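Please open the structure in your viewer and keep the selection panel at hand.

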Amino acid sequence: MVRTRRIWVTAAAVLALAGGMSGTAAQAREAPVAAAAGTKLPPGWRIDQGGPAPQLVWRSGRRVPMGDARVEFRAGGRLLGVPRPERDGHGFRLGLDGARPGGLKDLQVWSGGRRLDARPSEGTAPGSAARPPAPLPAGRVDPGRPGSYRTTTGSYRLRSVRLPGFPVPVEMSAVVVAPTGIAGPRPLALFLHGRHGTCYKAQGGADDVSGAWPCPAGTLPVPSHRGYLRDQRLLASQGYVTVSISANGINGQDWQAEDGGAQARSSLIRLHLARWADWAHDPRHAPRIVREAPRADLSRVLLIGHSRGGEGVNRAALDSLYPPPADQDGYHGRVRWHISGTVLIGPTVFGQNPVPDVPSATILPGCDGDVSDLQGEVYVDGTRAVSDGRALHSAVYVIGADHNFFNTEWTPGQAQAPAEDDFYDDPDHRDPVCSPGAATRLTADQQHRAGSTYIAAAARLFVAGDDRVRPLLDGSGRRAPSADPARVLTHAVGANRGAGFLPDGKVTVTGGRLCSAVDPDPAVACLGEGAKGASPHFAQWGTARESGRHAIALRWTSAGSPTRVRPARPVSLRSAESLALRVFVPPDSRGTRLDVSVTDTHGRRAALGRVQVDGLPGSDRTASYWARELRVPLTAARAAGVDLGSVKSLELTPRSGSGRAWLMDAWGWRPGTPAVRAAALPRVDVGRVTVDEGDSGVRTYHVPVRVSGHGSGRVRVYVVDPATGTAKDRVVTARPGGHGVDVPVEVRGNTRFGTDVSYDVLVKAVHGAVVGSYLGGLTVRNDDPAPTVTVTPLAGEVTEGSALKWRISLSGAADTDIASLFVPVPVTGPELSTKDVDPRWLADASGAEPDPERPLSKVEGLYLWLDVPAGRTSLDVTVPTVKDQVREDTETVSFRQTDDEGSPLPGGLVLTGRVLDAP
């Protein structure tokens, strides 16, 4: 299951459903403290005290469609964990474990870089409509044009399969589109859709779409796998056998998976590929559509994945080269195929573990309202320096595209099931870039046509080896006319890029700032405060602060202030034709000019030329801080006698009056697409184990980390402190049979009640290694009973002007707070009113005023949050009363324990007090 991974919230115990009045005993059960004592949870949040474990619950006023980005609960700017969605699309639940005083402060809900529990900002002022950039020159070839082959379409459905960690079998269904009238084996293109609703009612609306699996009676499966038929037909017309597989069974269960279902999707893909390998060898028992299609050539396979399907095909490519642990995998046969490349459409990358030696093209939708941080950029940036860098990794930024419209079954007016535009449009605060009708926003058909074109471009480059299509993908500034009117921009790493200036290594920067991609300190972070929107280059991972991810930030107030970048070792540009820089500037900015120069180790300096870069159309709801690829020829350096085999520094000098820019990297570049051969690398997988706390002594356990494969490489290991939620990291050497990736955990046993505590471990590749299961750890299970709770009146009957007082007592100290919520309820006879209690107490407890006078049970928002801190055994509770001049009968107040909805709990504990009139 998805666990609470930042174990730092205050845990508590709630008084159980034991009957009785004051003085009776009750057994405690776990539940979280809302915040510091007396502080309310924000609207929409509550604590579920039912069930075997406490849960933090948030309900949205509007339905949250089932999507691909993870919904995350955060508090105080840190990640609490990934909640489980409720079936109605409005509620999300997160189990809590671990303890630290401080409480759940500043609760927020995030998904894919955008906040869900706050109204979208008002955006840019009217009159500042975004402008699309000018169209690029056309490339030499246009892969979006249909080929010469006719096509045929059919489907198959095989026996469902069981996958590790998924209790319900997953379907083996697919739709096939293949060319006809062609002899000989043809390359295979396999599509995998992302995470979307699984079931719908034929005549229902959006609220009738669910994530259930299998589909309940009266509902139908959402045919997400049929949403790429246009793409399949285009590829089939060009000679590819295509298959799009269904993964509803994974979508309906992947909330349980710590990796979001990546390993399960990989298993499903490889199970289908294994069947295609069987059918290619012996087609007699193949489905009819497969027998009618040309034989699939499994040595030439392109994988295309949308959203979580993108992360799934990345993992399938990884698993095909470096087998996963058998107990985590759903496929256990031989690898009888070769993955020539991948296309990732608006993908998630929870693990940030791209495959370095398989070429990829990542489509980034500029108006993505689901995976809105465009974290798929990591499939490009995250491959730098991991292997030999010969595989091309391209980012394809499609201005004005949303997340859903690449799939016709997720597109309104085209889908069988209810569908919607994932970019939420507030009519009162329209977005200048992405609201429908904006000059930069694409229609569904325009977007899908652009997607088809660039999928075909990747197929033509990665599978067919046609280098003429490379300039459409590698940042050379060419367009495919079939994608018009979409504005599509690209940059890349790998291929024939040689040595480079990389800020992630040891580098000295003068005149600028070496900034951190992910850091909570605005002075250290690359974007810091005041940024309009986000950057795909700085997408957050599983820790609040990351080491080893940097860029170079430039800021100037006058032209001519250079920034110099000097790596630890000289760089060789001898074989390069140009220097390729990836630079971005603030969205909507225009005309930033930079002079580029290099200096060799002999002190010879050459000005290479001037580049100009414009910002992308952007708003505070888009991830538009995205790098453009800029190239300057090295001709001037050669003419000046610079030793390009030993370049010690790169210099950028602004020629604009003032501005900001960020340098992601710079590479020696020359044209061409080299052959790629996957290196023999070690693979690291982190597991999770649960142990009992024990009653005494200290035991040392080790987080299960498996290293397989060949050779040795370096990975960065993060260990999260369960008390503070902060992570410490170190770089270690991983090799099969080695002990470099060793995380010992000391567990001290006791007999006090507490919460389960998780020690989380995350791993990321640095160089010469790959990572499969990136997240795991050790969970220490509390094995002690909760203390007994008693409520005793210390001053249960007082004269007005005195304080009512009760004592909450525990039978023994606990290692976690013991707490519960009490609300006033109506009583028989006269009831204590708002003018009978201290007005300051009333304001602190509820925010209410004494006037108009009303019984305490009628005061909205009045409750007592009673919290016995960890280590203590009692808590005294007081309600101060005031003396008045009004003759009154004896008045009573009764506070009852609440259920998880905040309503009085039948049979629950009660605090009762009586106030007598003063003589």
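Begin by selecting helix α3, residues 262-281, together with helix α5, residues 308-321. In this predicted model, the axes of α3 and α5 come within 7 Å and cross at roughly 65°. That angle makes α3 roughly perpendicular to α5. The crossing in which α3 passes α5 is right-handed.

Now show the side chains where these two helices meet. From α3, display A262, Q263, R265, S266, I269 and R270. Their partners in α5 are R308, G309, E311, G312, V313, R315, A316, D319 and S320. Sorted by class, the contact of α3 with α5 has four nonpolar, five polar and six charged residues.

Next, select helix α1, residues 229-237. How many of the nine residues of α1 are buried? Seven of them are, so α1 is largely enclosed by the rest of the structure. The buried residues of α1 are L229, D231, Q232, L234, L235, A236 and S237. After α1 comes G239, whose phi is positive, near 105°.

The axes of α1 and α7 come within 9 Å and cross at roughly 40°. This makes α1 oblique to α7, and the crossing is right-handed. On the α1 side, the contact is made by R230, D231, L234 and L235. On the α7 side, select D445, H448, S452, T453, I455, A456 and A459. By class, the contact of α1 with α7 has five nonpolar, three polar and three charged residues.

The next stop concerns aromatic rings. The model has a count of 15 aromatic pairs. One of these is formed by Y331 and W337, a tilted pair with 5.7 Å centre to centre and 50° between the planes. Are these two residues buried or exposed? Y331 has a relative accessible area of 9% and is therefore buried; W337, with a relative accessible area of 8%, is buried as well. Then select W45, W58, F73 and F92, which ring pairs link into a cluster.

Move on to L573, in the loop between β26 (563-567) and β27 (578-584). L573 counts as buried, because its relative accessibility is 1%, and buried means under 20%. What does L573 touch, leaving aside residues up to four places away in sequence? Display A499, L579, L634, R638, L644, V647 and G668 to see these contacts. Then use the distance tool on the C-alpha atoms of L573 and P704: these residues are 131 residues apart along the chain, and the two atoms are separated by 43 Å.

T653 is buried, with a relative accessible area of 6%. Apart from residues up to four places away in sequence, T653 touches G560, S561, P562, R593, L594 and D595. Show these side by side with T653 to complete the tour.

Definitions and conventions:
Residues are numbered from 1 along each chain as its sequence is written. This is a predicted model: local features need pLDDT of at least 70, side-chain atom pairs count only at pLDDT 80 or more; totals for chains, interfaces and linings use all residues. Side-chain values use heavy atoms; hydrogens and water are left out. Axes are lines fitted to C-alpha atoms, for helices over the stretch in contact, and angles run from 0 to 180 degrees between N-to-C directions. Helices (H or I, at least four residues) and strands (E, at least two) are DSSP runs, numbered from the N terminus. Angles under 35 degrees count as roughly parallel, over 145 as roughly antiparallel, 65 to 115 as roughly perpendicular and the rest as oblique. A crossing is left-handed if the near helix is turned anticlockwise from the far one by less than a right angle, and right-handed if clockwise. Contact means heavy atoms within 4.5 Å. Ala, Val, Leu, Ile, Met, Phe, Trp, Tyr, Cys and Pro count as nonpolar, Asp, Glu, Lys and Arg as charged, and the others, Gly among them, as polar. Rings of Phe, Tyr and Trp (its six-membered ring) pair if their centres lie within 6.5 Å; planes under 30 degrees apart count as stacked, over 60 as edge-to-face and the rest as tilted. Buried means under 20% relative accessible area, exposed over 50%, partly exposed in between (1.4 Å probe, protein chains only).
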